[in-house]
Amino acid sequence: MWGGVIRFNYTKSVLDAQAQAFRNYMDPKNFDSAADMGIILGFANNTFSVANSLFYVDPVVNPKTYQAFTSIPSLSPNTLALTNVSNMVVQFGKNLPPTVPRSIQLVYSFKNSDVATYTKLIQQWETDIKTLGNIPGIISQFLIQPQPVTNGTNSLGLEANQHDVVMSIVTAAWSNAADDAVVQQRVAAIADKHERLVRKQRLYIPFKYLNYADISQDVIGSYGMNNKRRLRAVSRKYDPKGLFQTSVPGGFKVWK
């Protein structure tokens, strides 16, 4: 496979180019089943950053699907290389903080939009997250990436062969319990504003990706009422005493 992380200066021209490149990448006519990527917008030490994580499962250097991103003037060095999955995991692990004392992560989904909508989402996150710059240990990421394509045989409420669904995640981590309320409220407000924007554009999709969701989000409900009923029926049939609902800690339960 080929891939890695490529970093850029956080400027308006770069952000505009990222929005245009991602909008085109998500156009169904440009779909490439070997590709997966994300735009990673970061905030730490009162400084903003932007990077791309690129994955291509075939051993092709700088495939065409990514050239709109790799042609944007970038910082050196980058980690783009022919590699394998285990090495990619190690490289990405180096970009993560060793510990995260306190954190929140909220996810939402929507249909591919125009460049102006992506720009507004970025600007909203930037405007609101920098108001937390005085919080000890504050770091944040706003991640924009494709929703994996399904064949429709799932309990998630996702239609088959949709190549233009986007998944976005707003995250924050900080040091002190005393700041829990203000950070959680601010991050939730950002996600709410983002959802209102894509709803207004009639692009919103209820689905919440479980692995990126916060406990405050209704993941099972986001699959749709029919799927929720079906999951509960399976639970009643195969777990009548509720072992997996009451004795397995954490996670999202179909009866909550």
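Is D27 buried or exposed? I find that D27 counts as buried, at 16% relative accessibility; buried means under 20% relative accessible area, exposed over 50%, and partly exposed in between, with a 1.4 Å probe and protein chains only.

**Basis.** I am working with a predicted model, in which local features need pLDDT of at least 70 and side-chain atom pairs count only at pLDDT 80 or more, while totals for chains, interfaces and linings use all residues. Residues are numbered from 1 along each chain as its sequence is written, and side-chain values use heavy atoms, with hydrogens and water left out.

**Salt bridges.** I looked up the total and found seven salt bridges, each a side-chain nitrogen of Lys or Arg within 4 Å of a carboxyl oxygen of Asp or Glu.

I returned to D27, whose side chain meets that of K29 in a salt bridge at 2.7 Å, N to O. K29 counts as exposed, at 67% relative accessibility. I also recorded a network of salt bridges that links R23, D27 and K29.

Next I checked D16 and K12, which form a salt bridge at 2.7 Å, N to O. The two are four residues apart in helix α1 (residues 12-25), so about one helical turn separates them; helices are DSSP runs of H or I with at least four residues, strands are E runs of at least two, and both are numbered from the N terminus. D16 is partly exposed at 28% relative accessible area, whereas K12 is exposed at 60%.

I then examined K208 and E195, whose closest N and O atoms are 3.5 Å apart in a salt bridge. K208 lies in the loop between β8 (204-205) and α6 (225-238) and E195 in helix α5 (residues 180-200), so the pair ties together parts 13 residues apart in sequence. Both K208 and E195 are buried.

**Nonpolar cores.** I define a core as buried Ala, Val, Leu, Ile, Met, Phe, Trp, Tyr and Cys residues joined through side-chain atoms within 4.5 Å. The largest has 51 residues, and those with the most contacts inside it are F22, L41, Y66, W125, F142 and I144. Apart from it lies another core of 14 residues, including L158, V165, M167 and I205.

I listed the contacts (heavy atoms within 4.5 Å) of F22: leaving aside neighbours within four places in sequence, they include M37, I39, F69, Y118 and I144.
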